[in-house]
Amino acid sequence: PIQIPDTMKDEVAAAARWFTETCYRRGLSEQQLHAFRYELERNLLRRYEGHWYPQNSTRASAYRAVVHDAKLDPSLEAAAMAANIQDIHLRLPRSIMWINPGEVRWLQLVCGESPEQKHYVYSESGKNTSSPTEWMYAEANSKPFIVDQSQTGGGWVPPQGMGPSKDAVARYEISRAAHNHKTANNRMAQELRIR
C-alpha cells in the first residue's frame, strides 16, 4: 500500500485538473478526459512516493517536475495511453510544471521566446491561483467550457470570446494532419517491406 500524505493528494489533484482542463478536447469523450485525469493522478502519486518533503519543499523538485517539451513526460504518456488518447502530445501546451508541497506552478514554453513568469495552479495559502482559462487565454473569463454534443459530434465549444486562439487551433490542425500523413507513409512503407 502506498503511503500518501494528504497534502500530496491536493497538489497532485490540482496538477491533474490543470492538464485535463488545458487539453485540446476536440474528438475526445468525457470518459477519456476523466480516465486521463484519474490515471495521471494515480501515476503521479506513485511516482512521488518517497520523494515528498513538506519540511523542504524544493528538495526533489526536479524529480517531481512534469515536463512536456520535445519529449512527453512518461506520466502524461501513460495516462493518455490508459485513456486511449493517441495524440496527447499535440493536445497539451508545451510546459513545465513543478509539483511541490504547498504549491503547484507551471511555465509555458514557447519556441524562440524567453520564458514568462511562472503561474500558480495551487497554493496552500491561495496565493495568486487562477483557473487555466485565465492564464491560457488573454480574453478568457471565468465561464466554463460548454459541451454541445448535437453541434460538435462530441467535441467542445468554448463560450464566445473564450478558448484557444485561431493560431493555436490552426497549429493543432496542421500538427495533426502532419502526424496523420507521417503515419500513413509509415504504414505504406511497412506494407511494402512485408510484400
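Two strands pair if DSSP finds at least two bridges between them, and the strands and helices themselves are DSSP runs numbered from the N terminus (E of at least two residues for strands, H or I of at least four for helices). The views below show a predicted model, in which local features need pLDDT of at least 70, side-chain atom pairs count only at pLDDT 80 or more, and totals for chains, interfaces and linings use all residues. Residues are numbered from 1 along each chain as its sequence is written, and side-chain values use heavy atoms, with hydrogens and water left out.

**View 1. An open sheet of four strands, in the order β1-β2-β3-β4.** Pairing in this sheet is antiparallel. Its edge strands, β1 (66-68) and β4, each pair on one side only. From one strand to the next, the twist averages 10° (axes are lines fitted to C-alpha atoms, for helices over the stretch in contact, and angles run from 0 to 180 degrees between N-to-C directions). Helix α1 (residues 6-22) lies across β1, β2 (95-100), β3 and β4, and runs at about 160° to β2. Contact here means heavy atoms within 4.5 Å.

**View 2. Strands β3 and β4 side by side.** Have a look at β3 (residues 103-108): four bridges join this strand to β4, and the two run antiparallel. Glu-103 has Ser-123 of β4 as its bridge partner, while Arg-105 stands opposite Tyr-120 in β4. Strand β4 (residues 119-123) is mostly covered, with four of its five residues buried (buried is under 20% relative accessible area, exposed over 50% and partly exposed in between, with a 1.4 Å probe and protein chains only).

**View 3. Ser-125, in the loop between β4 and α6 (132-136).** With a relative accessible area of 60%, Ser-125 is exposed. From Ser-125 to Glu-103 the C-alpha to C-alpha distance is 8.6 Å, and the two are 22 residues apart in sequence.

**View 4. Helix α2 (residues 30-48) packing with helix α4 (residues 74-82).** The axes of α2 and α4 are 8 Å apart, at an angle of about 140°. Residues of α2 that meet α4 include Phe-36, Leu-40 and Leu-44, and among those they meet in α4 are Leu-76, Ala-79 and Ala-82. By class, the contact of α2 with α4 has eight nonpolar, two polar and two charged residues (Ala, Val, Leu, Ile, Met, Phe, Trp, Tyr, Cys and Pro count as nonpolar, Asp, Glu, Lys and Arg as charged, and the others, Gly among them, as polar).
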